[in-house]
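Please read the following report alongside the sequence and the coordinates. It moves from ring and charge contacts to the chain as a whole, and then to individual helices and loops.

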Amino acid sequence: MTLDVLSASDAIELLGQVIGTARVTAEPQAAARVAELCGHLPLALRVVAERAIGRPQLALADLVAELEVEQHRLDSLASSEDELSDVRAAFSWSYRALSPELQRAFRLLGLHPGQEFSTEAALALLNSTDQRATQRLLDALSTTHLLQTVSAGRYRLHDLLRAYAKERLRAETSARDQALAVRRGLSWYLLTADTGRRAILPSSHEVPLVPREQLVIPVFDNAEAAMGWFEVERLNILAALDQATDTGQYDIAWKLPVVADGFFELHSYWMEWEKIHRTGAEAARVLGDRLGEASNLFALGDADWRGGRRESAIANYESAISYARQTDDTWLTGFSLRGLGLIHEEMSNREKAHNCFQAALEVFRAGGLRRGEGMTLLSLGEHAALLGHFDQAAQLGADAVRIFVKINDEWSQAWGTLPLARALKELGRGPRSPTNGTAGHSPSPAWPSFRTSEAAASASSSSTICSAPEQRNAPSCRCSQPPWKRRASTGTSDGARSAETVPFLASLRLAGTFTSWNAYPA
């Protein structure tokens with residue numbers, strides 16, 4: 001741990017800035033000894049000085065005496081390699097002056113796995129539902145410099161203070177109470193991440209969670225708010241996953257990657273995305289939880305495909321299908337079959353691809369999963385187009401978009417228009433490239449029941465693909481992207497390339513037409 005150790009003169013100057021130069025000037029030798037007892041560390045000096053401010057009648061010589069008594073009392077705890085040896089007396093002196101309630105709060109906050117935390121996360125650790133009371137505790141600890149305020153509602157515990165808090169936990173808090181506090185904190189992250197998942201990707205995979213009990217879980221008004229929370233808490237989510245694994249809470253360790261999956265993929269945190277699912281799969285194996293293993297292996301299939309590791313992707317999808325069938329999870333079974341089909345199609349294994357798509361379609365229809373049905377119809381349509389059967393491709397595409405319209409899924413409507421428009425263009429019924437100045441063709445007889453209003457809604461929503469950052473990097477096949485988006489990574493983010501396509505899509509929308517799927521960057 002690297003610390004900012006001050007010179008003796010700078011340490012005395014800092015002490016004077018906090019408690020007043022008059023007190024330091026009046027007792028220079030005592031001031032120098034206070035700085036020495038604090039290890040010339042700014043953090044320890046501020047902790048001690050803050051308490052001295054609250055006792056203006058206390059002479060610095062008496063302060064030195066109290067610190068030396070505390071130092072002697074703690075000598076048995078110190079060693080040459082003890083990171084707290086220089087500051088333990090300063091911390092202990094201030095800690096012992098706290099009320100029992102503040103002492104408990106300080107100790108439990110040391111269990112948070114990340115570098116900083118929110119008031120809501122603190123509520124979980126402290127087992128409280130009273131936000132105002134908890135806020136007062138956090139403010140009081142900040143006033144004594146035992147906690148640092150980062151921004152409104154967010155706090156940080158210095159590494160040394162975290163180590164001291166854990167030391168006090170071992171001495172004063174039972175192992176049971178510590179385990180319960182960790183469980184509450186991890187449960188809060190799991191449940192809040194799942195709330196965010198439902199705001200961002202309501203059709204994504206749902207898994208059984210943990211009891212909410214009295215945890216205060218935030219409500220996200222929209223996808224943007226949820227994405228903002230994920231971005232702020234990303235490192236804490238990763239730290240929580242490590243803590244869940246380290247403390248043997250393997251159920252949370254496999255569920256957290258599943259509920260947070262979409263965020264890591266949407267924001268292109270590819271390495272972290274893959275890592276969390278490897279951790280999740282291993283945690284599920286420890287428990288012998290087939291659903292947990294299938295859920296994480298499915299995501300690893302996506303990650304392997306994106307990384308160009310087709311054989312590994314196939315193995316993960318096939319394992320996911322096997323385990324999902326054992327647990328009767330139709331969502332995982334259907335989308336794993338569809339993912340497997342997309343890989344076979346990419347490898348020109350046409351018959352295998354078609355069989356996988358058909359199997360996925362049967363699973364989705366049997367389970368009543370309309371969106372999965374629509375996405376698989378799109379895949380079958382693309383498959384038909386690759387074989388040159390554009391009439392069939394157009395009909396399948398129209399059937400898919402009809403489903404998306406019916407379930408009010410505008411995002412999928414937008415994606416569905418892309419391969420549909422390509423099929424219509426090949427039939428001579430769709431729009432030509434805007435570069436030749438021709439647009440606006442008669443509706444195709446291949447989709448007679450696809451109303452003009454629905455077509456307009458889909459064309460309009462396709463512009464969203466370019467306008468929303470989180471949608472430019474939309475999750476892979478099972479969440480949003482059509483098969484032609486599912487290619488090995490080229491090292492360039494979708495968001496960076498999408499700007500080239502904005503004028504093209506915008507011009508087609510203004511003309512009231514559909515865009516060709518292959519115009520959007522893959």
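## Charges over rings

A charge is taken to sit over a ring if NZ of Lys or CZ of Arg is within 6 Å of the ring centre and within 35 degrees of the ring normal. By that criterion Arg-306 lies over the face of Trp-270, at 3.5 Å from the ring centre, and the charged end of Arg-234 is placed over the ring of Tyr-269, 4.2 Å from its centre.

## Basis of the model

This is a predicted model, in which local features need pLDDT of at least 70 and side-chain atom pairs count only at pLDDT 80 or more, whereas totals for chains, interfaces and linings use all residues. Residues are numbered from 1 along each chain as its sequence is written, and side-chain values use heavy atoms, with hydrogens and water left out.

## The chain as a whole

The secondary structure comes to 27 helices and 3 strands, where helices (H or I, at least four residues) and strands (E, at least two) are DSSP runs numbered from the N terminus. Of the 522 residues of the chain, 54% count as buried; here buried means under 20% relative accessible area, exposed over 50%, and partly exposed in between, with a 1.4 Å probe and protein chains only.

The accessible surface of the chain is about 22,100 Å², and 50% of it belongs to carbon and sulfur atoms; such areas come from the Shrake-Rupley method with a 1.4 Å probe, and for residues only the protein chains shown count as cover. Contact means heavy atoms within 4.5 Å, and among contacts between residues at least 6 apart in sequence, 67% join residues at least 24 apart.

## Aromatic groups

The structure holds 19 aromatic pairs, a pair being two rings of Phe, Tyr or Trp (its six-membered ring) with centres within 6.5 Å, counted as stacked if the planes are under 30 degrees apart, edge-to-face if over 60, and tilted for the rest. In the case of Trp-229 and Phe-230 the ring centres are 5.2 Å apart and the planes are at 75°, so this pair is edge-to-face.

Trp-229 is buried at a relative accessible area of 12%, and Phe-230 is buried at 1%. Both belong to one aromatic cluster, which also includes Trp-188, Tyr-189, Phe-220, Phe-263, Phe-264 and Tyr-269; Tyr-269 is also the residue whose ring lies under the charged end of Arg-234.

How far apart are the end C-alpha atoms of α13? Helix α13 (residues 250–266) has 17 residues and should span 24 Å at 1.5 Å a residue, and its end C-alpha atoms are 25 Å apart, which agrees; the expected span is 1.5 Å times one less than the number of residues. Even so, α13 contains a kink of about 50° centred on Ala-260, the bend at a residue being the angle between axes fitted to the seven residues ending there and the seven starting there. Of the 17 residues of α13, 15 are buried, and Ser-268, with a positive phi near 60°, follows the helix.

In helix α8 (residues 119–126), 7 of the 8 residues are buried, so this helix is largely enclosed by the rest of the structure. The buried residues of α8, among them Leu-123, Leu-125 and Leu-126, pack against α7, β1 (116–118), α9, β3 (154–156) and α11. Asn-127 follows α8 and has a positive phi near 60°.

## Loop residues and a helix threonine

Is His-145 exposed, partly exposed or buried? This residue, in the loop between α9 (131–143) and β2 (148–151), is partly exposed at a relative accessible area of 29%, and its phi is positive, about 65°, although it is not a glycine. Asp-328, in the loop between α16 (310–326) and α17 (330–346), also has a positive phi, near 55°, but is exposed at 67%.

Leu-98, in the loop between α6 (88–95) and α7 (100–109), is buried at 11%. Leaving aside neighbours within four places in sequence, Leu-98 is in contact with Gln-103, Leu-141, Thr-144 and Leu-146; the C-alpha atoms of Leu-98 and Thr-144, 46 residues apart along the chain, are separated by 9.3 Å. Thr-333, in helix α17, is buried at 5% relative accessibility and, not counting residues up to four places away, touches Ile-321, Ala-324, Arg-325 and Val-363.
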